[in-house]
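Keep the viewer open and try each task before reading the solution.

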Amino acid sequence: MRAFIAGALLLSVSPLHANEGTFEGCSLTTWVIFRAVNNFSLGVPLSKAKSAAGIPANVAANIEVAYDIAKKKGLEEAYFVGHVFYRKCSGDLAKQKKTLSSVETAYKDCAYKSATRMYILVRIKEGIPISETKSNMPKQFHELITTLYRTSQENNLTKALAMSAESHMSCIAAVQPKYR
């Protein structure tokens, strides 16, 4: 887990989305990280990923870091870095206990869901049996636990991480039209 945290800290040192300090900023920065890892996995050249319309230089820096981690450490680690970054970024905000707008509350809900998936994924990586994971979590998460464990067993952990990343992006996409 230390390697994942070190990678996430590397990302957090990079310039972040203009809305840093908000759940929206954490969410959108993580979206960029996950999209970069997905693009890397599809063979999209870094230059093309960075040249997408409207991507500011600080966001392009996070794309570069995500590509670098995926290239040097693999997709599994790159997805974990995105999850850990999001957990750290949103976790720091959750400790502030301030009143949130409806849009920030929706982004916070996405962060909570992502943190739950990350917790399960780390337990899978650590080889903790599904029964133990289920016994440590409320019943409302048992179907999610089963899905992530099954995906890891039938495919691999990277596939489960990619599914989690897609769930994050779907949650964020649902917030965008609802509140904009």
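**Exercise 1. The overall fold**

How many helices and how many strands are there in the chain?

*Solution.* Before counting, note that this is a predicted model, in which local features need pLDDT of at least 70 and side-chain atom pairs count only at pLDDT 80 or more, while totals for chains, interfaces and linings use all residues. Residues are numbered from 1 along each chain as its sequence is written, and side-chain values use heavy atoms, with hydrogens and water left out.

Step 1. Helices (H or I, at least four residues) and strands (E, at least two) are DSSP runs, numbered from the N terminus. The chain has 9 helices and 0 strands.

Step 2. Read from the N terminus, the order of elements is α-α-α-α-α-α-α-α-α.

Step 3. Now look at contacts, meaning heavy atoms within 4.5 Å. Among contacts with a separation of 6 or more, 76% are between residues 24 or more positions apart.

**Exercise 2. A walk along α4**

Which residues of α4 are buried?

*Solution.* Step 1. Find helix α4 at residues 57-73. Its 17 residues reach 24 Å from the first C-alpha to the last, close to the expected 24 Å; the expected span is 1.5 Å times one less than the number of residues.

Step 1. Apply the burial cut-offs: buried is under 20% relative accessible area, exposed is over 50%, and partly exposed lies in between (1.4 Å probe, protein chains only). In α4 the buried residues are V59, A60, N62, I63, V65, A66, Y67, I69 and A70.

Step 2. Consider the spacing in that list. An α-helix has 3.6 residues a turn, so residues three or four places apart point the same way.

Step 3. Step just past the helix: G74 takes a positive phi of about 105°.

**Exercise 3. The nonpolar core**

Which residues touch the most other members of the largest nonpolar core?

*Solution.* Step 1. A nonpolar core is a set of buried Ala, Val, Leu, Ile, Met, Phe, Trp, Tyr and Cys residues joined through side-chain atoms within 4.5 Å. The largest one holds 50 residues, and Y79, I120, L121, I124 and L157 touch the most other members.

Step 1. Ask where the core comes from. Two or more residues each are given by α2 (23-41), α4, α5 (75-94), α6 (102-125), α8 (142-154) and α9 (157-179). The top contributor is α6, with 10 residues.

Step 2. Zoom in on I124. Leaving aside residues up to four places away in sequence, I124 touches L148, Y149, S152 and L157.

Step 3. For the chain as a whole, 45% of the 180 residues count as buried.

**Exercise 4. Charged pairs**

How many salt bridges does a search of the whole structure find?

*Solution.* Step 1. A salt bridge is a side-chain nitrogen of Lys or Arg within 4 Å of a carboxyl oxygen of Asp or Glu. The search finds 5.

Step 1. Take K50 and E64, whose closest N and O atoms are 2.6 Å apart. This pair joins helix α3 (residues 46-50) to helix α4 across 14 residues. K50 is partly exposed at 28% relative accessibility, and E64 is partly exposed at 37%.

Step 2. Next, K125 and E76 form a salt bridge, with the closest N and O atoms 2.7 Å apart. Here K125 in helix α6 is linked to E76 in helix α5, 49 residues apart.

Step 3. Finally, R123 pairs with E132, the closest N and O atoms being 3.6 Å apart. R123 counts as buried at 9% relative accessibility, whereas E132 is partly exposed at 39%.

**Exercise 5. The disulfides**

Which cysteine is joined to C110 by a disulfide?

*Solution.* Step 1. A disulfide is a pair of cysteine sulfur atoms within 2.5 Å. The whole structure has 2.

Step 1. C110 is joined to C171, S to S 2.0 Å. The torsion about this S-S bond is about -90°, so the link is left-handed. The bond ties helix α6 to helix α9, its cysteines 61 residues apart.

Step 2. The other disulfide joins C26 and C89, with sulfur atoms 1.9 Å apart. At -75° about the S-S bond, this link is left-handed. C26 sits in helix α2 and C89 in helix α5, 63 residues apart.

Step 3. Check burial: C26 is buried at 1% relative accessible area, and C89 is buried at 17%.
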